[in-house]
Amino acid sequence: MERFANAQFAAGYLFGLAPPLLLVIGLAAGVPWLAFAVLIGAFPFLRIVFGDAASAERLLDERTATCLHYLPYFIALSYIASFVVAIYLLRSQNLNAVALVGYGLSQWVVAMFCSCVAHELLHRRDPGARVLARILNGLILYPLLEHEHRMHHAREGGVLEAEWAAPEESVWTFSARRLRCVLRSAWCFYRAVPGRCWSSGLTLSIASAAAHVGLLVTATGSTAVVLAYALASLAVMWALQNLTYIQHWGLGNSVIEGRVASWEDLCRVQAWLTLNISLHHSHHVRPSVPYYRLSPTRAAPRPPAGYVVLFFCAMFPRAWFRLMTPVLDAWLDDPRNRVSVGRRLVCFRRAESTKLR
């Protein structure tokens, strides 16, 4: 019985294969917007079916743990293969303006989930995992992702360094400030020591990006396709700052159990798709622990919605502050308060009208 339960637990992480598969299936079927529509428009509602992540870490048998340990390698290879296959599928299609927008949106959202796999592999000590992560960073045209994330953990809680957003700060202000900080930090870091670009993997990520763009240009010969891909990649750079904003907004000076806090959403499907990056407080407490051994932190603040809703809500600061400020205030008043507002779906309910228990 326990073995069957472990198999069910492990099978959920196969959802991580959905983004690259949807990208390829959509282009092959002549529906380039498919990945965007399913991942953004449909998957968040699966919370109704699968609910929230288990509150305690599951004791796994050795076989299941081994499979889960190597699953990110397989998913990473699937992303690499899907990006290459997508280029050759694009070569044979004459996309109109609407289809190009659909492709760009799908490429954007798939690249965002790809960054979650890269994130998991970057935390591994295995050199092979680091190589795959750096290749993925290049494929999504963000070679600085490794440096950015290294600094994020090193400067935990830093509001001035744009690692955590201030409570009064909008996502637009924060993302612009954070991108400047990342670029300045990277310039100083790589200029300080000759050869650091190579030893830290930046060279590999840049080579991966160049190879991907070169293959795209050579195979498609379409300026419009290359432009759609470039815009999608620029959107990824900004969206990653938006994600950091969602995970840490307003908590830079808040301490829980002796540590700076992070927002932690428990949607099970979201955890499967992101390899538990949404259990973010737990990840910051134990950054070296692999994704399948993370479990929710009991006293971490809970947002009133999943990442998809919060991502688009953050783009409208007035809506963001109206939704999130009461939740933040309630948690600051009582950090043991673990009940968030209307979090059972994707999830919208007015914070002011709901009593937190």
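Modeller: Leu 275 counts as buried because its relative accessibility is 4%, where buried means under 20% relative accessible area, exposed means over 50% and partly exposed lies in between, computed with a 1.4 Å probe and protein chains only. The model is a predicted one, in which local features need pLDDT of at least 70 and side-chain atom pairs count only at pLDDT 80 or more, while totals for chains, interfaces and linings use all residues. Residues are numbered from 1 along each chain as its sequence is written, and side-chain values use heavy atoms, with hydrogens and water left out.

Leu 275 sits in the loop between α13 and α14 (280–285); helices here are DSSP runs of H or I with at least four residues, strands are runs of E with at least two, and both are numbered from the N terminus. Although Leu 275 is not a glycine, its phi is positive, at about 55°. Leu 141 is another residue other than glycine with a positive phi, near 60°, and its place is in the loop between α7 (127–139) and α8. Leu 141 also counts as buried, because its relative accessibility is 17%. Ser 233, which lies in helix α12, touches both Ile 140 and Leu 141 when residues up to four places away in sequence are not counted, contact meaning heavy atoms within 4.5 Å. Ser 233 is itself buried, because its relative accessibility is 3%.

Rolling a probe the size of a water molecule over the atoms shows where empty space is left. On a 1 Å grid over the protein atoms alone, a cavity is a set of points where a 1.4 Å probe fits but cannot get out, whereas a pocket is an open set with protein on both sides within 12 Å along at least five of seven lines, and lining residues have an atom within 4 Å of a point. The structure holds 4 cavities of 30 Å³ or more, where grid points are joined across faces, edges and corners and a volume is the space filled by probe spheres set on the points.

The largest cavity holds about 400 Å³ of space. Its lining has 25 residues, and those nearest its centre are Ile 40, Phe 113, Gln 270, Tyr 307 and Val 308. At least two lining residues come from each of α3 (34–41), α6 (97–122), α12 (223–248), α13 (268–274) and α15 (307–314). By class, the lining of the largest cavity has 21 nonpolar, 3 polar and 1 charged residues, with Ala, Val, Leu, Ile, Met, Phe, Trp, Tyr, Cys and Pro counted as nonpolar, Asp, Glu, Lys and Arg as charged, and the others, Gly among them, as polar.

The second largest cavity has a volume of about 190 Å³. It is lined by 15 residues, and His 119, Leu 145, His 149, Leu 240 and Ile 277 are the closest to its centre. Here α6, α8 (145–154) and α12 each supply at least two lining residues, and the lining divides into 6 nonpolar, 7 polar and 2 charged residues.

The buried residues are Tyr 307, Val 309, Leu 310, Phe 311, Cys 313 and Ala 314, and they pack against α6, α9 (171–192), α12, α13, α14 and α16 (317–333).

The largest pocket contains about 270 Å³ and is lined by 17 residues, of which Phe 9, Tyr 13, Ala 53, Ala 54 and Arg 268 lie nearest its centre. Both α1 (2–11) and α13 supply at least two residues of this lining, and α13 gives the most, with 3 residues. The lining of the largest pocket is made up of 11 nonpolar, 3 polar and 3 charged residues.
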